[in-house]
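Visitor: I'm new to this one. Can you walk me through it?

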Amino acid sequence: MLYCMGCHGARAEGVPGKVPPLAHALGLYMRTPAGRNYLLRVPGAANSVLSDAQLAAVLNWLAQTFAADELSSTVPLFTSEEVTGSRHSPLASVLAARREVIRELATTGPAPSTDY
C-alpha cells in the first residue's frame, strides 16, 4: 500500500485521466507475456525501491486482492526471477506500450479499457 497507493489509490482504482487502475485490470495484463512485461517495466515498477522479490509479492497481492475476477487460475503469479528479467529496462513510451498491449489483449479476450 505504501508504494502503490499514492498514485493508484487505496482501492487500486487509479486517477481518471492520469493514473490507470490496477483493480479489474492487473489480472488481464498478466494473461500474456507482453502484458506481464509491460507491468514490470512501467515507471512505478521499474523504478520502485522494492526488491525484485518484494515487487513480485506486491503485484501478486494486488492482483489477488483487486483483480481476482480477472485473474484466471491458469495465469501464473509473478516470480522474483521474472521481475529481475524485465523491470530493469524501463519503457521508452509507456502510453504507446500500453496501447499496443491492450490491442493485443483484445484479440485474445477481455482487455483493460484504453481510457482511464
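This is a predicted model: local features need pLDDT of at least 70, side-chain atom pairs count only at pLDDT 80 or more; totals for chains, interfaces and linings use all residues.

Visitor: Which residues touch the most other members of the largest nonpolar core?

Guide: Leu26, Tyr29, Met30, Tyr38, Leu39 and Phe78, out of 30 residues. A nonpolar core is a set of buried Ala, Val, Leu, Ile, Met, Phe, Trp, Tyr and Cys residues joined through side-chain atoms within 4.5 Å. Buried means under 20% relative accessible area, exposed over 50%, partly exposed in between (1.4 Å probe, protein chains only).

Visitor: Which element gives the largest share of this core?

Guide: α5, with six residues. Helices are DSSP runs (H or I, at least four residues), numbered from the N terminus.

Visitor: Which residues of α5 are buried?

Guide: Asp52, Leu55, Ala56, Leu59, Asn60, Leu62, Ala63 and Phe66. They sit on the same side of α5, because they cover an arc of only 165° around the axis. That arc is taken from the directions from the helix axis to the C-beta atoms.

Visitor: New topic. Is Trp61 buried or partly exposed?

Guide: Trp61 is partly exposed, at 38% relative accessibility. Phe66 is buried, at 8%.

Visitor: What sits over the face of Phe78?

Guide: Arg36, at 4.4 Å from the ring centre. The cut-offs for a charge over a ring are NZ of Lys or CZ of Arg within 6 Å of the ring centre and within 35 degrees of the ring normal.

Key
Residues are numbered from 1 along each chain as its sequence is written. Side-chain values use heavy atoms; hydrogens and water are left out. Helices (H or I, at least four residues) and strands (E, at least two) are DSSP runs, numbered from the N terminus.
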